[in-house]
Amino acid sequence: MAEVRVKKRFVAGAKCPKCKAVDSVVLFKELGVETVECVECDYREQQTDEKVAKKASGDIIGVFKP
């Protein structure tokens, strides 16, 4: 079975909610689910596109699709 590489992108200036490390958060899609992960600790959060849309407030400038 072929291994699928996931493109992870660092979120500049983001602070991990668990360990408070700055510039340690990466964002990527895993099986169609947006995932945020800290490279310094074991923090990980996943949310579907529907949850992302619900949390969005104000005007949307653009939607990032890696």
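Helices (H or I, at least four residues) and strands (E, at least two) are DSSP runs, numbered from the N terminus. By this rule, the protein chain contains 1 helix and 4 strands, and from the N terminus on its elements follow the order β-β-β-β-α. The model is predicted: local features need pLDDT of at least 70, side-chain atom pairs count only at pLDDT 80 or more, and totals for chains, interfaces and linings use all residues. Residues are numbered from 1 along each chain as its sequence is written, and side-chain values use heavy atoms, with hydrogens and water left out.

The surface may be considered next. Accessible areas come from the Shrake-Rupley method with a 1.4 Å probe, and for residues only the protein chains shown count as cover. The accessible surface of the protein chain is about 5,500 Å², and 55% of this belongs to carbon and sulfur atoms. A residue is called buried under 20% relative accessible area, exposed over 50%, and partly exposed in between (1.4 Å probe, protein chains only). Of the 66 residues in the protein chain, 18% are buried.

In soluble globular proteins, nonpolar side chains tend to be buried together. A nonpolar core is a set of buried Ala, Val, Leu, Ile, Met, Phe, Trp, Tyr and Cys residues joined through side-chain atoms within 4.5 Å. Here the largest such core has 5 residues, namely Ala14, Cys16, Val25, Cys38 and Tyr43. With contact taken as heavy atoms within 4.5 Å, and residues up to four places away in sequence not counted, Val25 touches several residues, including Ala14, Cys16 and Cys38.

A disulfide is a covalent bond between the sulfur atoms of two cysteines; the criterion applied is a pair of cysteine sulfur atoms within 2.5 Å. A search of the whole structure finds 0 disulfides. Cys19 is in none, and its nearest cysteine sulfur, that of Cys16, is 3.8 Å away. Cys38 is likewise in no disulfide, the nearest cysteine sulfur being that of Cys16 at 3.7 Å. Cys19 is partly exposed, with a relative accessible area of 33%, whereas Cys38 is buried, at 4%.

Two further details complete the account. Pro17 lies in the loop between strand S1 (9–10) and strand S2 (25–30) and is partly exposed, with a relative accessible area of 48%. Although Pro17 and Arg44 are 27 residues apart in sequence, they are 9.9 Å apart in space, C-alpha to C-alpha. Elsewhere, the charged end of Lys8 sits over the ring of Phe28, 4.6 Å from its centre; this description requires NZ of Lys or CZ of Arg within 6 Å of the ring centre and within 35 degrees of the ring normal.
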